[in-house]
Amino acid sequence: SDVVEARGQTHNRYEGSPHFGLPWPKDSHKGSSEMDMGSDLTGAFHTYAVEWNRDYISWFFDGQLRHTETLVRYFGAEKNKPYAEQRQPFDQRFHLIINLAVAGNYFNSAQYG
């Protein structure tokens with residue numbers, strides 16, 4: 001799951017999403033889409049958090065709930081994934097990866113230049 005994804009071109013927006021299925025670029029993800037926070041996020045330090053339990057994953061910004069994804073559904077319909085039970089694959093242990101990525105396909109050149 002991505003706690004925070006942000007683009008340098010949009011200083012007032014970020015998004016969070018769980019990724020699952022096949023390795024990138026064939027993975028699936030569901031998430032918040034870009035959330036407009038109403039001010040320049042680069043002007044101060046902020047706290048980003050994820051709360052994950054059996055039924056949902058929630059994203060927080062500076063202690064405020066910003067987005068929730070329910071896990072009580074079937075993820076097998078996402079690009080023909082092999083998950084047969086509700087909550088799969090999020091009923092298994094996941095790794096936490098801290099990553100700083102620069103450039104790549106995350107930056108849509110038509111939208112962000």
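I started with His67 and Glu69: their side chains are joined by a polar contact of 2.8 Å. Here a polar contact is a pair of N or O atoms within 3.5 Å; within protein, one must be able to donate a hydrogen and the other to accept it, and residues adjacent in sequence count only if both atoms are side-chain atoms.

I noted the ground rules next. This is a predicted model, where local features need pLDDT of at least 70, side-chain atom pairs count only at pLDDT 80 or more, and totals for chains, interfaces and linings use all residues. Residues are numbered from 1 along each chain as its sequence is written, and side-chain values use heavy atoms, with hydrogens and water left out.

Is His67 buried or exposed? I found His67 buried, at a relative accessible area of 17% (buried is under 20%, exposed over 50%, partly exposed in between; 1.4 Å probe, protein chains only). His67 lies in strand S8, residues 64-70.

I then read the whole chain. It has one helix and eight strands, in the pattern β-β-β-β-β-β-β-β-α. Helices (H or I, at least four residues) and strands (E, at least two) are DSSP runs, numbered from the N terminus. Of its 113 residues, 28% count as buried.

Last, I looked up a sheet. Three strands form an open, antiparallel sheet in the order S1-S2-S5. S1 (2-5) and S5 (35-36) are the edge strands, each pairing on one side only. Strands pair if DSSP finds at least two bridges between them. Two bridges join S2 (residues 13-17) to S5. I noted Met35 in S5 as the bridge partner of Tyr14.
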